[in-house]
Amino acid sequence: MGVNESAKYQLAKTFTELAIQNNLIDKHATATETAKEVTNFFNTIVKTINKPTEE
């Protein structure tokens, strides 16, 4: 059973907030470039949250 769409976005938001708070997302010279990093992080979580793990 997978995670529903609403839960995926909520988890991605929470993980992204935690990553920002813990300096796990690279900061760039411009806000635009930093925003791209944040967006990429968020989208990666949304896209992969239901993928099976490799054993």
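Analyst: Of the 55 residues of the protein chain, 13% count as buried, where buried means under 20% relative accessible area, exposed over 50%, and partly exposed in between (1.4 Å probe, protein chains only). The model is predicted: local features need pLDDT of at least 70 and side-chain atom pairs count only at pLDDT 80 or more, while totals for chains, interfaces and linings use all residues. Residues are numbered from 1 along each chain as its sequence is written, and side-chain values use heavy atoms, with hydrogens and water left out.

The secondary structure of the chain comes to two helices and zero strands; helices (H or I, at least four residues) and strands (E, at least two) are DSSP runs, numbered from the N terminus. The radius of gyration of the chain is 13 Å, well over the 10 Å that the globule rule gives for 55 residues, so the chain is more spread out than a compact globule. That radius is taken over C-alpha atoms, and the globule rule is 2.2 Å times the number of residues to the power 0.38. Along its principal axes, the C-alpha trace spans about 40 × 25 × 20 Å. Among contacts between residues at least 6 apart in sequence, 55% join residues at least 24 apart, a contact being heavy atoms within 4.5 Å.

Two packed helices are described by the angle between their axes and the distance between the axes. Here the axes of H1 and H2 (residues 31–48) come within 9 Å and cross at roughly 140°. Axes are lines fitted to C-alpha atoms, for helices over the stretch in contact, and angles run from 0 to 180 degrees between N-to-C directions. H1 and H2 are therefore oblique to each other, since angles under 35 degrees count as roughly parallel, over 145 as roughly antiparallel, 65 to 115 as roughly perpendicular and the rest as oblique. The crossing of H1 and H2 is right-handed; a crossing is left-handed if the near helix is turned anticlockwise from the far one by less than a right angle, and right-handed if clockwise.

H1 contributes Lys8, Tyr9, Ala12, Lys13, Phe15, Thr16, Ala19 and Ile20 to the contact, and H2 contributes Val38, Phe41, Phe42, Ile45 and Val46. By class, this contact has 10 nonpolar, one polar and two charged residues. Ala, Val, Leu, Ile, Met, Phe, Trp, Tyr, Cys and Pro count as nonpolar, Asp, Glu, Lys and Arg as charged, and the others, Gly among them, as polar.

Thr16, in H1 (residues 5–21), is buried, with a relative accessible area of 6%. Leaving aside neighbours within four places in sequence, Thr16 is in contact with Ile25, Val38, Phe41, Phe42 and Ile45. Lys8 of H1 is also buried, with a relative accessible area of 11%. Not counting residues up to four places away in sequence, Lys8 touches Val3, Val46, Ile49 and Asn50. Ile20, in H1, is partly exposed at 42%. On the same exclusion of neighbours within four places, Ile20 is in contact with Ile25 and Val38, and the C-alpha atoms of Ile20 and Val38 are separated by 8.1 Å.

The loop between H1 and H2 includes Asn23, which is exposed, with a relative accessible area of 55%. Asn23 has a positive phi of about 55° although it is not a glycine. Thr30 lies in that loop and is partly exposed at 39%.
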